[in-house]
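Subject: Structure for you to look at

Hello,

Here is the structure I promised to pass on. Please open it first, then read my notes below.

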Amino acid sequence: MPERPVFSVITSRVGLQLYITPRPGRGGQFAIAPLLPAGTEHAHTDGVPAPRGITVPPDPVKAVLLVRRRLLFDFRVASMRAQSNTSSGPGIPVTITLDPNGRPEVKVANARALFELLGREGLFLDPATGRCHLPETIRDPSEVGWRTNRAVRSLENLGFSVTTRLADGRTYKPSLQGHAAPANRLAPGDLRTPRRTP
């Protein structure tokens, strides 16, 4: 039976991700390569030089020094350019999709919004989808609800235009006053969207 490949993805608080995998037959060396920044797609990287992956030794201290010296600066610059190609200006759209259990998934490419969700609100970034979500350890529906509402309120207070989409496709679009405006006639109580705090 063939062995399954071993790899890891590490994520920063602003959605930058590095892919790490051992190099077979190379004495414990690891290959480290940058992934697309969260929320971006290949179309957003047109004209952006892609940072190259590197090989590091198994020594953690040497590996960190090499990553910092040979990879991180170029990766940060390329990521900023790719993220700036997604959207800009006030009212940047952020879509929060709730699954049938009410758990949120957030797709956003703006670094400030990512820092708010990952660094302050404690969401995780799924490397496969580029979407932010609550940790799997949070299962209580009431905690899921208030954590989701708090994330919405934080993004709105920063000036983002937040749309919350239910699993069946219906949406709420917050108004300028921070109240939920039903996009297609949701019944009362379908979703509690927080009001903007003064």
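**What I found**

The protein exposes about 12000 Å², and carbon and sulfur atoms supply 55% of that area. Accessible areas come from the Shrake-Rupley method with a 1.4 Å probe, and for residues only the protein chains shown count as cover.

Some ground rules. This is a predicted model, where local features need pLDDT of at least 70 and side-chain atom pairs count only at pLDDT 80 or more, while totals for chains, interfaces and linings use all residues. Residues are numbered from 1 along each chain as its sequence is written, and side-chain values use heavy atoms, with hydrogens and water left out.

**The overall fold**

The protein has 3 helices and 11 strands. Both are DSSP runs, numbered from the N terminus: helices are H or I with at least four residues, strands are E with at least two. From the N terminus on, the order is β-β-β-β-α-β-β-α-β-β-α-β-β-β.

Of the 198 residues in the protein, 36% are buried. Buried means under 20% relative accessible area, exposed means over 50%, and partly exposed is in between (1.4 Å probe, protein chains only). Now take contacts between residues at least 6 apart in sequence: 50% of them join residues at least 24 apart. A contact means heavy atoms within 4.5 Å.

**The largest pocket**

Its volume is about 380 Å³. Which of the 20 lining residues are closest to its centre? They are Ile10, Leu18, Ile20, Val67 and Leu72. A pocket is an open set of points on a 1 Å grid over the protein atoms alone, where a 1.4 Å probe fits, with protein on both sides within 12 Å along at least five of seven lines; lining residues have an atom within 4 Å of a point. Grid points are joined across faces, edges and corners, and the volume is the space filled by probe spheres set on the points.

The elements giving two or more residues to this lining are β1 (8-11), β2 (17-22), β3 (30-34) and α1 (60-84). Helix α1 gives the most, with 8 residues. By type, the lining has 15 nonpolar, 3 polar and 2 charged residues. Here Ala, Val, Leu, Ile, Met, Phe, Trp, Tyr, Cys and Pro count as nonpolar, Asp, Glu, Lys and Arg as charged, and the others, Gly among them, as polar.

**Inside the helices**

Serine 79 is in helix α1. Is it buried or exposed? Serine 79 is buried, at 2% relative accessibility. Setting aside neighbours within four places in sequence, serine 79 touches Leu16 and Pro37.

Helix α2 (residues 111-120) has these buried residues: Ala113, Leu114, Glu116, Leu117 and Leu118. Their cover includes α1, β6 (104-107), β7 (124-125), β8 (132-133) and α3 (141-157). Just after α2, glycine 122 takes a positive phi of about 75°.

**One aromatic pair**

The count is 1 aromatic pair. Phenylalanine 7 and tyrosine 19 have ring centres 5.3 Å apart and planes at 20°, so the pair is stacked. The rule pairs rings of Phe, Tyr and Trp (its six-membered ring) with centres within 6.5 Å; planes under 30 degrees apart are stacked, over 60 edge-to-face, and the rest tilted. Phenylalanine 7 lies in the segment before β1 and tyrosine 19 in strand β2, 12 residues apart. Phenylalanine 7 is partly exposed at 46%, and tyrosine 19 is partly exposed at 30%.

**A loop residue**

Aspartate 168 sits in the loop between β9 (161-165) and β10 (171-174). Aspartate 168 is exposed, at 52% relative accessible area.

Best wishes
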